[in-house]
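I opened the model and went through it stretch by stretch. These are my entries, in the order I made them.

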Amino acid sequence: MGYGAPRTIRDHILFVERRLKAAHVVFGHGTEDARDEAAWLVAGAMKIAPGALAARLALRPGRAAAARIRTLLAARIRTRRPLAYLLGEAWFAGHRYVVDPRVIVPRSLIGEFLPEGGASPLADPDIGAILDLCTGSGAIAIAAARAFPRARVDAVDISQDALKVAARNVRLHGLTGRIRLFASDLFAGIGKRRYDLILSNPPYVSAPEMAALPREYRNEPALALSGGEDGLDLVVPILHQAGAHLTEDGRLVLEVGASREALERRFPDRPFLWLASAADECVGYWHKEDLEIFARD
Ligand SMILES: C[S@@+](CC[C@H](N)C(=O)[O-])C[C@H]1O[C@@H](n2cnc3c(N)ncnc32)[C@H](O)[C@@H]1O
C-alpha cells in the first residue's frame with residue numbers, strides 16, 4: 001500500500017501500526033503495543049482524546065491531520081523518542097498531563113490504586129495529608145488529590161526541572177490550592193512533617209538494566225531511572241526513613257519494579273506485602289509499624 005492510501009481513521013491506525021511493527025519500535029511509555037500506540041498517534045495528530053477515537057473510525061482525517069500523522073510517524077521511528085514527548089502529552093489514570101524530556105512519561109502502577117471518588121484501597125477516604133516522594137510530572141500527586149478529595153498533598157522532587165513540569169500540571173488540573181510542590185532530596189527537605197499516606201515511584205533501574213535500555217528509555221532523564229548497581233540506592237533509604245514521616249496509622253506505598261528481587265534478597269527476613277496490579281506485583285505496601293524493623297538498621 002502506498003503512503004497516500006489510508007483514508008479513514010481506521011485505515012490510518014492500521015497503517016501506522018504496521019509501520020511501527022516493521023520498524024521494531026519499543027513501547028512502554030503509555031502504551032504496550034503497536035495498535036494502541038498507533039491509535040494514540042492518530043488521536044494526537046487529530047488533536048482529540050484517544051478515548052474519542054472509537055466513535056469516529058469511519059471518518060477521514062483532513063489534509064493537515066493526515067500530514068501530521070505522517071510527520072509524527074516518521075519522527076517516532078527516526079528518533080525513537082517516546083510518543084508522549086513528540087505530542088507533549090501523556091495520559092495517566094484517565095487524565096491528560098503535559099510532559100517533556102525533563103520528566104519521565106508517567107506510567108506508575110500506583111495509578112491503578114488511585115481511582116477517583118474515595119474508593120482507593122490504599123487508605124481511609126478521609127485522610128488529610130499525603131506525600132508524593134519523587135513526583136516527576138506530578139502525576140501521582142494529582143491522581144492522589146483526585147482519589148482523596150479532602151487531602152492536602154505535598155509533592156517533592158530533587159529536580160527543579162521536573163518541578164517546573166509538575167507545576168504546569170498542577171495548574172492544568174486546577175489543584176494549586178491542595179498540592180504544594182517543593183524541592184527535596186528524598187526526605188531531607190520535609191522537616192518533621194508527617195503524612196497519612198506516602199506514595200513513591202522512585203528511580204529503581206539497576207546498572208545492568210540501565211546499560212541495556214532501549215533507545216526510547218534513554219530519551220528519559222537518567223536521574224529519574226537510575227537506582228545504582230542493584231536498583232536499591234533510593235528504595236532502601238526510603239524504607240529506612242519513611243516511618244519517621246508517617247502518622248500513627250500511616251502507610252507507605254512504594255513501587256520498586258524489577259528491583260523487587262534484589263530487595264527481597266537483601267532483607268530475607270523482612271515482611272513484604274506486594275499489591276496485585278494488572279501488569280506486575282512490584283508495588284509494596286507497609287503500615288508504619290511494619291517499617292520499624294527497617295528504621296532499626
Ligand atoms: C521514576 S521517576 C517518577 C516520577 C513520577 N512520580 C512518576 O511516577 O511518573 C523518579 C523521580 O525521582 C526524582 N529523584 C531522583 N532522585 C531523587 C532524590 N534523591 N530525591 C527526590 N527525588 C529524586 C527524579 O527527578 C524523578 O522525577
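**Ligand shell, then helices and loops**

I began with the ligand. Helix H5 (139-147) and helix H9 (222-225) each supply at least two residues of the shell around the ligand. Helices (H or I, at least four residues) and strands (E, at least two) are DSSP runs, numbered from the N terminus. Of the 22 residues around the ligand, I noted Ser108, Cys134, Gly136, Asn201 and Ala224 as those that come nearest. A residue is near a molecule or strand if its C-beta atom, placed from the backbone, lies within 6 Å of it. By class, I read 14 nonpolar, six polar and two charged residues in the shell. Ala, Val, Leu, Ile, Met, Phe, Trp, Tyr, Cys and Pro count as nonpolar, Asp, Glu, Lys and Arg as charged, and the others, Gly among them, as polar.

**Ground rules**

I am working with a predicted model, in which local features need pLDDT of at least 70, side-chain atom pairs count only at pLDDT 80 or more, and totals for chains, interfaces and linings use all residues. Residues are numbered from 1 along each chain as its sequence is written.

**Domains**

I took the bounds from an automatic or database domain assignment. It gives domain 1 (9-87) and domain 2 (101-295). Their centres, taken over C-alpha atoms, are separated by 30 Å. The contact takes eight residues from domain 1 and seven residues from domain 2. Contact here means C-beta atoms, placed from the backbone, within 7 Å. On the side of domain 1 that touches domain 2, I find four nonpolar, two polar and two charged residues.

**Helix H1**

I checked the span of H1 (residues 9-22). At 1.5 Å a residue, its 14 residues should span 20 Å, and the end C-alpha atoms are 20 Å apart, which agrees. The expected span is 1.5 Å times one less than the number of residues. Which residues of H1 are buried? I list Ile9, His12, Ile13, Phe15, Val16 and Leu20. They cover an arc of only 165° around the axis, which puts them on the same side of H1. The arc is that of the directions from the helix axis to the C-beta atoms. Buried means 20 or more other C-beta atoms within 10 Å of a residue's own, exposed 12 or fewer, and partly exposed in between, with C-beta atoms placed from the backbone. The cover over these residues includes helix H2 (34-45) and helix H3 (63-79). Just after H1, His24 has a positive phi of about 55°.

**Helix H6**

H6 (residues 160-172) has 13 residues and reaches 19 Å from first C-alpha to last, close to the 18 Å expected. Its buried residues are Ala162, Leu163, Val165, Ala166, Asn169 and Val170. Seen down the axis, they fall within an arc of 160°, so they line one face of H6. They pack against S2, H5, strand S4 (152-157) and strand S5 (179-183). Gly174 follows H6, with a positive phi near 65°.

**Loops**

Arg80 sits in the loop between H3 and helix H4 (83-87). Its phi is positive, near 60°. I count Arg80 as partly exposed, with 17 other C-beta atoms within 10 Å.

Ala93 lies between strand S1 (89-92) and strand S2 (95-98). It also has a positive phi, about 50°. Is Ala93 buried or exposed? Ala93 counts as buried, with 21 C-beta neighbours inside 10 Å.

Leu232 is in the loop between H9 and helix H10 (235-241). It has 22 C-beta neighbours inside 10 Å, so Leu232 counts as buried.

Terms used: Contact = placed C-beta atoms within 7 Å.
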